[in-house]
Amino acid sequence: MITKQWLDKYELVKEKLMCNTDLESYFSKKQIGEINIDILEIGNVHFPTGVVFACDPFIEMEDALPYIQKVPAGIYPVKICVIPNQEYGNRYACVKVEICNRKPIRYELGMTGTENLEQVGEDGGFFGFGVDAGMGCIADIQTQEAYTNYLEECEDIDSLLCDILAKSYKENPQYQTKYGNWANWTIPKTDCNILIFSSGWGDGVYPCYFGYDEKGDVCGLYILFIDIENEFEE
């Protein structure tokens, strides 16, 4: 349960947690600074309720908390901004769920209502989801329920996810290794799907931002793995 005290505190620090990077530029440009980028389209995600979450699917899929921000229920295209790199391997810098084609004017950090807001300093920073298996995902809270139910008849979910990723590579090898770096998996006997993808440099903590247009409506969700200008070029 999110408390009024937490919400009041969040309103005080909310502006400090905004993303100053233009995340939409990752999907509208061919280059960020000196770094070439490309776009990988990985299909659609179904948000039946519009209450969404992001997590490491191998670690936290059953228990991940949804964001307090919501999006309109619907089916939306998902894209990945890729940094092609022969030395380090192709890296996924940012994942976007495109709610509409309007441009964001601000990026609000996705929050679950459990964050320790006393940690927010003058320079802001971010809260995010933890990754321990080198993968992230985004899905609707109804999909989480369908996934939990499916676990009752699945003997080894980790092996299944690995097989799904490997199959994705065989069918869509661009910007993937043989083990698979992304997958669009629909849970059997449902219309609920999970978008799974490699997490930038691997394990760590990563933020999800809600992009709002000039009308104040959510026009996109962005999971930032690599801040290209501030991180990659260094």
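Colleague: What percentage of the 234 residues in the chain do buried residues make up?

Modeller: A residue is called buried when its relative accessible area is under 20%, exposed when over 50%, and partly exposed in between, using a 1.4 Å probe and protein chains only. Here buried residues make up 53% of the 234. This is a predicted model, where local features need pLDDT of at least 70, side-chain atom pairs count only at pLDDT 80 or more, and totals for chains, interfaces and linings use all residues. Residues are numbered from 1 along each chain as its sequence is written, and side-chain values use heavy atoms, leaving out hydrogens and water.

Colleague: Which residues touch the most other members of the largest nonpolar core?

Modeller: In soluble globular proteins, nonpolar side chains tend to be buried together. A nonpolar core is a set of buried Ala, Val, Leu, Ile, Met, Phe, Trp, Tyr and Cys residues joined through side-chain atoms within 4.5 Å. The largest one has 57 residues, and Tyr26, Ile80, Val97, Phe197, Leu221, Ile223 and Ile228 touch the most other members. Strand S5, residues 74-83, gives the most to this core, with 6 residues; strands are DSSP runs of E, at least two residues long, numbered from the N terminus. A second, separate core of 22 residues includes Met135 and Ile164.

Colleague: What does Val97 touch, leaving out residues up to four places away in sequence?

Modeller: Contact means heavy atoms within 4.5 Å. The partners of Val97 include Val45, Phe47, Ile138 and Leu221. Across the chain, residues 24 or more positions apart account for 74% of the contacts with a separation of 6 or more.

Definitions and conventions. Helix = DSSP H or I, 4+ residues; strand = E, 2+ residues; numbered from the N terminus.
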